Amino acid sequence: MRQFWISGSLALLLILTGCGETDAPRGEPYFEKPASQEARDVLGEVDPSELPASQRAALAYAYAVTAAALFKGGDDAGGAVHAAYLDPAAHAGLMVGLDTLGFDAAAVEAVRAAPQDETALAAMDAMLAALRPNASGDVKETTGFLMKSLGVAYEAGADAGTISNVEAYQTAYGLAVTARDIVAAQEDAAYGDLRLELEILVRMWPGKGPAATSTPAPDLEMAQALLNIKLALARLP
């Protein structure tokens, strides 16, 4: 997987905004370790094959949903970049065993071959629906993992309201959608606050997806959104 290193500004802001809270419960800060160590733990030097299957499925879902959004938005080249991460031959550490959890490599290859084919795109959506339940794992733990990953990717992808690394910026979108979709599928009313905060997070990208011409949300707004999600997670039973 690509390594997304972070400068620490967003990470530090998350720590600071999480300190001194007295009116709301707090979970562990997303970046309780030094930012560089957090990056290595989440998206850097850890072999993806060492992650739980549900987290690997969640990451695959994120790449797939990003690719699908870009294909549907007419960015075939951008979609192909993210779809390439779903090649079991090239990324065995990530993809190993996911065919037993609902992942269908043929659906991805069909879209890569014909990005604007509606039948192929529909098959990709059906594959995502099959993969989603197996990407949930422990919903609270998986959501936290996705938010840590998102923080790293967004810090690498956006700087002062401009896109500095389009692939990282787009990956952050996929991670947000993945968390939103996983939590939205939970019927327990206890997930209501988290469901709302994740929907707000996803809307920080354009409605048609993470186009390369997008204007990223400011770091402060993203940090606040992630803090709100952290607090919603902490309130879960």
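Reader: What percentage of the 237 residues in the chain is buried?
Author: The model is a predicted one, and a residue is called buried when its relative accessible area is under 20%. Of the 237 residues in the chain, the buried ones make up 49%.

Reader: How many helices and how many strands are there in the chain?
Author: Read from the N terminus on, the elements follow the order α-α-α-α-α-α-α-α-β-β-α-α-α. The chain therefore holds two strands and, around them in that order, helices, and the count of helices is eleven.

Reader: What share of the contacts with a separation of 6 or more is made by residues 24 or more positions apart?
Author: Contact here means heavy atoms within 4.5 Å. Among the contacts in the chain with a separation of 6 or more, residues 24 or more positions apart account for 74%.

Reader: How far apart are the end C-alpha atoms of helix 8, and what span should its 19 residues have?
Author: Helix 8 covers residues 139-157, and at 1.5 Å a residue its 19 residues should span 27 Å.

Reader: Is Thr142 buried or exposed, and which residues does Thr142 touch?
Author: Thr142 lies in helix 8, a helix that is mostly covered, with 16 of its 19 residues buried. Thr142 has a relative accessible area of 2%, and because this is under 20%, Thr142 counts as buried. Not counting residues up to four places away in sequence, Thr142 touches Ser54, Ala58, Ala135, Ser136, Gly137 and Ile182.

Reader: Which residue is reached by the side chain of Ser164, and at what distance?
Author: Ser164 is found in the loop between strand 2 and helix 9, where its relative accessibility of 47% makes it partly exposed. Leaving aside neighbours within four places in sequence, Ser164 is in contact with Ala156, Gly157, Ala158 and Asp159. In the case of Ala156, the side chain of Ser164 reaches the backbone oxygen, at 3.1 Å.

Reader: Where does Ala160 lie, and what is its phi?
Author: Ala160 lies in the loop between strand 1 (158-159) and strand 2, and it is exposed, because its relative accessible area of 69% is over 50%. Most residues other than glycine have a negative phi. Ala160 is not a glycine, yet its phi is positive, at about 55°.

Reader: Which helix supplies the largest share of the lining of the second largest pocket?
Author: The second largest pocket has a volume of about 150 Å³, and its lining divides into seven nonpolar, no polar and five charged residues. Among the lining residues are Tyr61, Lys72, Asp125, Arg132, Tyr173 and Asp181. Helix 3 (53-72), helix 7 (118-136) and helix 9 each supply at least two residues of this lining. The largest share, five residues, comes from helix 3.

Methods:
Residues numbered from 1 in each chain as written. Predicted model: local features only at pLDDT ≥ 70, side-chain atom pairs only at ≥ 80, totals over all residues. Heavy atoms only, no water. Helix = DSSP H or I, 4+ residues; strand = E, 2+ residues; numbered from the N terminus. Expected span 1.5 Å × (residues − 1). Buried < 20%, exposed > 50% of the residue type's maximum accessible area, 1.4 Å probe, protein only. 1 Å grid on protein atoms, 1.4 Å probe; cavity = no way out; pocket = protein on both sides within 12 Å on 5 of 7 lines; lining within 4 Å. Points joined across faces, edges and corners; volume = space filled by probe spheres on them. Nonpolar A, V, L, I, M, F, W, Y, C, P; charged D, E, K, R; others polar. Polar contact = N/O pair within 3.5 Å; in protein donor to acceptor, adjacent residues only side chain to side chain.
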